[in-house]
Structures are given as C-alpha cells and as structure tokens.
Amino acid sequence: MHDIEVVINGERTKRRVDARKTLADFVREDCALTGTHLGCEHGVCGACTVLVDGEAVRACLMFAVQVDGGEVTTVEGLGGPDGALSPVQDAFRSEHGLQCGFCTPGFVVTVTAFLRDTPNPSETEIREALSGNICRCTGYQGIVKAVQRAAGDAP
Amino acid sequence: MSSSTAGRFVGQSVLRREDPRLLTGQGQFVDDVQLPGMLHCAFVRSESARGTITRVDVDAARALDGVVAVLTAADLNPHAGSMQPTLLLDAPGAPLRPLAEGDVRFVGDPIAIVVAESRYLAEDGAELVEVDIDPLPPVVDPETAADSEHIVHPELGSNVGTDMPFPRSAELEAILSDSAHVVTETFRQHRQTNVPMETRGIVASYIASTGELRAHMSTQNPHEARLAIARVTGIPSHLVQVTGRDVGGGFGQKFFTFRDELTIALAARRLGRPIKWIEDRRENLIAANHARVDIATCTFACDADGMLLGSYIDHIEDSGAYPTGATGGAGALVGMLFTGPYKAGAAAFRSRAVWTNTCGRGAYRGPWMFETVAREQLVDATARAIGLDPLEWRRRNVLRAEDQPYTMPTGLPIENVTAAETLDQAAEIIGYDAFRAEQRRAFDTEGRLLGIGIGLYVEPTAMGAMDPLGTDTALVRVAPTGKVTVLLATGAHGQGIETTMAQVVAEELGIDYDDVAIVQGDTASTPYGRGTGGSGTAVIAGSACRGASAEVRAQVIEIAAHLMEAAPDDLDIVDGVVAVKGTPTRNVAWAEVARISHMETARLPTGMSPGIEATFTYKAPPFTWSNACHICTVEVDRDTGLVTILRYVVSEDCGVMINPMVVEGQVAGGVVQGIGGTLLEHVVYDADGNPLTTTFMDYLVPTATDVPVIEYGHIETASDTPGGHKGMGEGGAIGAPPCVFNAVADALALVGVHIDRTPLGPEAILTALYPDPGT
C-alpha cells in the first residue's frame, strides 16, 4: 500500500492505495467519482479519459500511485456550479452528441482538452482528435457537430 | 402523401432530458451501484472450444485471502431452473446450464465463479483455479456443421437446430429454369458482435429473511429479466425486483437475459450476499453474443425486361453453442422477407440454423437483416447480368403506392410503405446520374475506382404478431400538484425515452412537457411490458401512453365540466388550462382540477373516485412496416485496398416522427454500425475454435475518422397505429451493409472483379483485385 496526495477536481485528498490500483478504479471506487467509465480497460476506447495535470490520459492505463502529487480533473469537475453545463457539455446536448451516454464523459474530457489546445479546429482535426474515443450509438455525427459548435461558442 | 403535423411537442426536436446527468458524470450505470457488504465476481472460462473437463481444482483459489467463495457446476447447476427467455420457453434450444459440467462447448464457456472482496482479488482467485480439459475436435464452420461427425450438443443429436422449408411450387420451378434471366449467387456475411460501450453487468442481492432478490442490471428489458431470474432461481417473480437506471447501449444484446447474468443471480441466491459482476471487454467480445454469420445461395429469375418473376433463397445461420432464445437467430424471417420491397412473383426458401462450438448467436440490431443483405446484393448482381443500371432495375420492380396493400409470396401483408418514394428521394439527394458520369470520367481518364450502391428495404417493426413483444402498458398518474408521472416498462439504453414519451404525453394532455416525468427501467414501480428493442417504443409504448393519456384527459375534463357547470364536449385543455372552447376566460387550471380531485373530493362529480390516473395496455398490429433507401458512393484505392465512403444518404419513412433529432440519431448510429460491420469489424476464430479478436485492437469498431457525414431525407407516411408512428431503431443497420457492399462491388466491376462476401477490408479488396500474388 502506498500513501498518495492528489488534487481531484480542485480538492486536495490523501489516500492509501494498492500499487496495482488503476487510476480509473481509484477515481471510481476510492473517490466515488463514477462519471469516469471503463469501456475496454486496455486503452483503446477512451471512455475513462481524465485530465492529469491538464493532459487527457486514459485512466485505465495509469496507476493511482502515478498521480501522487498531481492534479486530476474528471468529468464531474468540468461543469459549473449547481449542475450548469460547460460549453462543451452544452454543445453535446444541443447537437445530440450522445445517446446511451456511457462513452460521453471520455469524449467530453477529450474535447475539453482538445479545444483548449486547438481553439479553431478544422473538421479533419476534429475527427482525428476524436479518433481515440469510441462511441457505438451516434455514428459520431452529433459529436463532430458538437465540437464545431463548442469551438464557435468559445470566447 | 406526406402528413407532417408537428404538434407543440410531437414532431419537435426537443433536447433530451437524459443528457445533463449523462454529460456531467451523474448517470447511474450498473457498475456505479454499491451495496453494503457487496462482493465481486470473476468467471473462470474455458480456453478450449470443445472438450471433456477432467479436473477443476479450486482449492488454491479458495485459500486465497479475500476470496469468499468459488462456485462450480456442482454448486449451482442442480438448483437452476430454465434459462430460456419467456418468449421462447418452449422452442427447441441449446441445453443451457449455469456453468459448464462434464464438458465445454466454446472458448469462453463459464466453468467457475470466484467471489471475492474486490474484483482484483476475484481475478487473482480465477487465475488459481486449475482446469484440465481433454480437447475434442470442434465444429467451427457453419457450412459443414450439418454433416460433421462431431456434435456440439450431444443431447440434441444433431448440429442442425432448425430446418424450415418453404418448398418450391411447380410454377416456381418452371420460372427458375425457363426465365430469360436467371441469376444465382452465394453470399457470405461474416461474424460480428454488438459491442455496447457498457459491457453486461449485474449487482444481485438476496435477502434471506424476506425471500426477495434484487438485481441492478444493464438491461433493455427489466421485466423479462425479472421473469428469467424468477425461473432460474425459483424465487417467485413478485419477490424479484430488477432495476436498470442508465444502460450503456445494447443493440439487442441486453434484450433477453443471458446465461451469465442469470448464473450470477443464482449465485447470489445461494450465497445470500450482494455480488457484483461487471463483464470485461474480452468476455464481451468472446462470450456475450455474436451475430450476422449467414450464408445463402439465392436466385432471381427475371423476364427479358428485368421484371422479377420468381426467387429462391437457401439460408444457413450459425447459432454458435449457447444462444439465448432458441437458436438465437431470425429463423424463417430471412426467407419470409427475402423479396422485400419488390413485386416478387413466386418465391420459396429454406432456412437452417446450425450449432457450432463458438459464442452463441444473439439479437443484433435487425437480427433478420440478411434478407436485405442477400436480396439487395442479388439485385445488383442481377442488374449487372441483365445490363440494367441497379437503380433502373429497382424502379421497374419496386412496390408502388398503387400496388398496396400487397401480399408477399410468403404471405406477409405490406401496406403504407414508400419504397419507391424513398428510392427516388435518395437518388435525387445524392445526384445519381451525375455520379454515374463522374464515375465513368474518373475511371476512363484517371483509372480510379468509384462506385455507387443502393440498399432498399421494408422493415416489419413493433411486431404484434409475436406475443408479448407487441404489447405494452402505460400508467399515467396525476399528483395533487397537477404534475404527471408516467410509468413505463421500457428499458431505455440510448433512445431518449424519458424525453420522447414525455413529448407524447404532454401533447395528448395539453400540459407542459416539463410537467411530465417518465419513470422506467424498474419492475417494482412499472407495469409489466415488453422492454426496449425490436423497433417498438414509438408504436407500442407510444400508443400505450396515448391511450392512458386520453383516459386521464377525459377524467380531468369530466371534473372540470362539473366544476364549471359546462358540457364536457365544450371543453379543451391548452397549456395546462381547461377552458370552454371559444371562451377562454371560462376556465379552471389543470393543477386546480388535480388538487380538487385529491383534496376536495366533495366537489367531484357524484360517484367519481378521488385522484386522477389511468392505465392503458396497447397491442400493436401484427406488423407496422417502415422503409428506407440507403445510397452511398465510395472510392476503392487500387494500391492500398482501402474503401473510402464519399457520401452517404438515407431516405426513410418512419411515419410521424416524435422527435426528428432522435430519429436521425438512431439512423446514424445504425448506419455506422453497418458501415463498420461491412468494412472493419470481424470476429475471427481459428480452425481450432480459438477467438483471435479479443480486444479493440483486433475487433475494429469505427471511429470518427472512418465515417462520412450522413445526409437524410424524410418521408412521413402515417401508419395505422394511434400516433401514426413506425419503428425505426434497427433500420440503419439493416440498409447499410448491402449499400456499402454494392458500392464496392460497383467500383470493382469497372475492372471486372466480382465479390460475394464480407468483410471488405483492405486485405479482402487487394485479394479480390490481385488474386495471384505478385501480379
């Protein structure tokens, strides 16, 4: 067991974790942040994407001990107070960028980081940025449009 | 023909009320459920496709710290009732059992369950279970399974699960031998799987003191899960509660309740402790269900002008070892629907399902869709053989309005379909003739292989023909505040039912959409019903909602008429106010009527019970036909074999749309599954029955870079059901595969290359283009 100290969604927390506990399981089980979902547990589907020190990473491919001293943002940390949606979240809703919603947190986190780094993306850039996340419901039609909308709405 | 009658809510692209919770991580999927004292499970599964179990040693696993129990067949099988679904309890099926006993029949066959304090420890324990299996030769190839000396299920004595003939008449024999054009093809469709992003899962707890079992599940069909769990555990169904809050996709996989979840429920009953099983992706890819393994030799006979005179299809579907639900396939539906949207002449079929030592077949978005695959691909082959453009062949043969109602040669009646109109609309949108000119130019001047393909179909939805799949019940209840709660048996998993059914109820009641809540996905609070699947919600649940709403509306008007001393026929409800038509100042608020119905019952009409609510059960007609035409254009790269979809058009008729945004979302999702299924996705077994595609690096699901923008055309022809809706959840996945195949075949025909099977990945294309290595 290892003692770690992490800032999660702006709150500093100290925990004791198994060396082999993945970041995804740590977030879900130890921190009760169940918005981060596990779709494959081998780093392909992107459902578990979270921000670690601002970078989008697959939480199923990291161990919790690796974020010791770092900062983690999950989908729960992206919205405004009292349930307000972030611009990316709102764009997903407006463009029907989700159906079952299981992959959605991973997309929202991925797109949030992507638009921060690429504020005016082309459609090709958008599709490439999304290509590390799998959605089985939407055929990506609404997701691509949501990214375009969120980019346009960005200040 | 078009009857677009958008109401205040019905017909509007209302944004989904499900979305805020799902977008912020506040959804509740099955793995999010935590119960006090909950334990975690992992299955030990067979690594052999077929063989005799000679030893299962669980001692080391049981001795591991944190492992609470290791269950084998001896612990569970003697206590298990039937594992077949309610719909198919009496149909001949595989001898399902909770855990493998004596032998194993596919790679992934569950042998033991390790129950531990965490999933990590359960997996540690599973690795310590020692299983010895004497391997036997497996049956892997469905085309030779019927004649194999090796029998998948010794209890059944044969590898043929079903064999349904619809024999050829003497008239058809003559047509098939004497017509001007007789074209026969053998098409092979490859193995695919549903891949919901949320795998299967269940949290089951048994409360010994009361004899109750509660299950949180990822399910499309909570009431079926309740009945199935009751049967397998022996617990009376009224003491079983199944809840599915948010469900991360299913596409058919979660409609029936599969062996694994039932086995966990049985384990919970035996252990008396809450246990959670969340399937991992490898299990989902090898042991949930497979689909689409179909082979058919089919024939069209046409006259000199290409008019279809007769047809025959000889179809084999692979059931795998343990499908849930008889043979797991579509059975005779492929043969019965084979002639689809065409004036068909005479027809006959044979349909067989065979057992193999592979993962069981299961429902996947349009389980019978091979009728469209085989027919539409044969249409193109026939048109090419005759020298007609495939669009022209379809225009000559397609069912038109004046041909309806029409009875298929197999006896199915078709009406209210617009196959001809969607064909024309899709061809217009994509610019069919202009593309043909560009295709010719690109080939002649640059040697590029462009192609265009069509997939045209009619789809039987909301099948009232098959009890209980065509029946649903809605309970509409008005609270003392006037707010409305609707209880539905559905198991939404992406369709937006909490939004669309609230649109329907608000429209019918004349109140605000935000004043209607939908409760669903829970057996304790909702009436029995069919679940969500089979393209049924709009027609069946929607009609149940309309019926119950009409009764509630009548109750409100009766009370209001009494309060206002007006005639009920003179009253209307608009925007939450009951008013005299033409005199809106004479009114009473909906909420006031609701309050009085509970709180001032002396003011109710004589003899009227307090409260306002109604339950309505709706049974759909045998078939409610929807239809669509898909047309896409592709380019085939002669150097890499890569197929790129240039444009993709869907023209569809699902009757009156409740929410066009949701309709287009369903179409898009189905289309992309069909594109993926044709170009990328392929479950592969080796000759020994070992699955080779056990991760998302091997089983390729489409990503955003693999799919085109989908263009839509809508034709709204009302069905005869109360809202005028037609089912549409599955159609996208039915039309897309032959559409893409035909486009690729069209491109390859430019260089005289013929294809007859999928998938159409680069390797398959290059092999077709360059059959001799080195040339």
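## Buried or exposed: one residue to start

A residue is called buried if 20 or more other C-beta atoms lie within 10 Å of its own, exposed if 12 or fewer do, and partly exposed in between, with C-beta atoms placed from the backbone. Take B:Glu551: with 15 C-beta neighbours inside 10 Å, B:Glu551 counts as partly exposed. B:Glu551 sits in helix α16 (residues 537–564) of chain B. Helices here are DSSP runs of H or I with at least four residues, strands are runs of E with at least two, and both are numbered from the N terminus.

Which residues does B:Glu551 touch, leaving aside its neighbours within four places in sequence? They are B:Ala614 and B:Phe616, where "in contact" says that two C-beta atoms, placed from the backbone, lie within 7 Å. B:Ala614 is 63 residues away from B:Glu551 along the chain, yet their C-alpha atoms are separated by 6.0 Å.

## About the model

This is a predicted model, in which local features need pLDDT of at least 70 and side-chain atom pairs count only at pLDDT 80 or more, while totals for chains, interfaces and linings use all residues. Residues are numbered from 1 along each chain as its sequence is written, and chains are lettered from A and ligands numbered from 1 in the order in which they are written.

## Chain A

Chain A holds 5 helices and 5 strands. Walk along from the N terminus and the elements run β-β-α-β-β-β-α-α-α-α. The C-alpha trace spans about 45 × 30 × 25 Å along its principal axes. A compact globule of 155 residues would have a radius of gyration near 15 Å, and chain A agrees with its 15 Å; that radius is taken over C-alpha atoms, and the globule rule is 2.2 Å times the number of residues to the power 0.38.

Buried residues make up 58% of the 155 in chain A. Of the contacts in chain A with a separation of 6 or more, 60% are between residues 24 or more positions apart. One residue to look up is A:His96, in the loop between α2 and α3 of chain A. Its phi is near 55 degrees, a positive value in a residue other than glycine. A:His96 is also buried, because 24 other C-beta atoms lie within 10 Å.

## Chain B

Now for chain B, which has 20 helices and 28 strands. Its radius of gyration is 28 Å, close to the 28 Å that the globule rule gives for 775 residues, so chain B is as compact as a globular protein of that length. Buried residues account for 60% of the 775. Among contacts in chain B between residues at least 6 apart in sequence, 80% join residues at least 24 apart.

## Two helices that cross, and one under cover

How do helix α11 (residues 370–386) and helix α12 (residues 390–397) of chain B meet? Their axes come within 8 Å and cross at roughly 105 degrees; axes are lines fitted to C-alpha atoms, for helices over the stretch in contact, and angles run from 0 to 180 degrees between N-to-C directions. That makes α11(B) roughly perpendicular to α12(B) (under 35 degrees counts as roughly parallel, over 145 as roughly antiparallel, 65 to 115 as roughly perpendicular and the rest as oblique). On the α11(B) side the contact uses B:Val379, B:Asp380, B:Thr382 and B:Ala383, and on the α12(B) side B:Pro390, B:Trp393 and B:Arg394.

Helix α8 (residues 259–271) of chain B is mostly covered, with 12 of its 13 residues buried. Among the buried ones are B:Leu262, B:Ile264 and B:Leu266. Just after α8(B), B:Gly272 takes a positive phi of about 75 degrees.

## Loops worth a look

Two peptide bonds in chain B can be picked out here. The one from B:Asp467 to B:Pro468 is cis, with omega near 0 degrees, and B:Pro468 lies in the loop between β18 (449–461) and β19 (471–478) of chain B. The one from B:Thr758 to B:Pro759 is cis too, with omega near 5 degrees, and B:Pro759 is in the loop between α19 (731–749) and α20 (762–769) of chain B.
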